[in-house]
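Reader: I would like to go through this structure one feature at a time. Please give the general idea before each case.

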Amino acid sequence: MNTSALLRSNGLTASYGHVEALKPTDVMVGPGEFVAILGPNGAGKSTLLRAIMRLIASSGELYFEERSIAREPAHALAALGITLVPENRGIFGPMTVRENLDLGAYIRPPSARPEIEGDFEAVLALFPRLKERLAQMAGSLSGGEQQMLAIGRALMVHPRLLLLDEPSLGLAPRLAAEIFNALGQLNKRGLTILVVEQKAPLALALANRAYVMRTGKVIATPDPKDITSPDALAHLYLGEIH
Ligand SMILES: Nc1ncnc2c1ncn2[C@@H]1O[C@H](COP(=O)(O)OP(=O)(O)OP(=O)(O)O)[C@@H](O)[C@H]1O
Ligand SMILES: [Mg+2]
């Protein structure tokens, strides 16, 4: 047993009807790590995150700090400090930026008020564009700003493990780089991050470890330092399924 894991799955599977979209999968995220999940469309990456978050029925083992969370309801995970920034970002368009950020903190007790204020200031320091737009309706933000807000709201939960599903989706390269720069800063400050990303170079530049998925399973666990060229990455994506 690996006792140093913050999150660990063992034979985690999930199905949609009769289709097993996630075949038995073992992943591990250590405290303070930045772990990347790569893989083509339909590989099961989002399904893995949904299974970890208990958003879909799954079987197999799932541990957070060696405590089994495989049967916990989704809301219990938030209380443990596991937060997901979903692929659709999940922000509330008809509410202001400020209100969306406040929503992130709603599960925290009133006694956490000073800490919540500190987290709020930290989010605005990380994403100054949000500071300029606190009274703006979230739905009228640009795609990049919406992603910043989605991450900001997740940070207002004060997570211990942040999961993100394709944070660069639909963003221009410069904005995608800005988002990953922010994720790198958060990780340097000690936040553990598990990110699903198709723009592999962005994620690999920060990752301690990587999993490559295809057809519902992990097909490779390369050392990010070894993936130095697009060719090396293509080889992994197309490589033999073990
Ligand atoms: N709600 C659903 N109902 C039925 N099948 C689904 C559902 N969601 C996903 N699938 C199927 O499960 C498989 C894995 O999908 P998943 O969304 O996990 O892939 P992904 O790796 O996240 O892909 P992408 O990079 O396109 O987001 C796909 O074949 C997909 O069609
Ligand atoms: Mg997906």
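Author: A polar side-chain atom of Thr47 lies 2.5 Å from an oxygen atom of ligand 1, a polar contact being a pair of N or O atoms within 3.5 Å. The protein covers 60% of the 630 Å² of accessible area that ligand 1 has on its own, by the Shrake-Rupley method with a 1.4 Å probe. This is a predicted model, in which local features need pLDDT of at least 70 and side-chain atom pairs count only at pLDDT 80 or more, while totals for chains, interfaces and linings use all residues. Residues are numbered from 1 along each chain as its sequence is written, chains are lettered from A and ligands numbered from 1 in the order in which they are written, and side-chain values use heavy atoms, without hydrogens and water.

Reader: Which atom of Gly42 lies 2.8 Å from an oxygen atom of ligand 1?

Author: For Gly42 it is a backbone N or O atom. Asn41 instead places a polar side-chain atom 2.7 Å from an oxygen atom of the ligand.

Reader: How should I read the two faces of a strand?

Author: In a regular strand the side chains alternate between the two faces of the sheet. In S4 (residues 34-38), Phe34, Ala36 and Leu38 on one side and Val35 and Ile37 on the other are all buried, that is, under 20% relative accessible area with a 1.4 Å probe, protein chains only. Strands here are DSSP runs of E, at least two residues, numbered from the N terminus.

Reader: In which sense do S4 and S9 pair?

Author: Pairing needs at least two DSSP bridges between two strands. S4 and S9 (residues 192-196) pair in the parallel sense over four bridges, with Ile37 opposite Val196.

Technical notes: Buried < 20%, exposed > 50% of the residue type's maximum accessible area, 1.4 Å probe, protein only. Polar contact = N/O pair within 3.5 Å; in protein donor to acceptor, adjacent residues only side chain to side chain.
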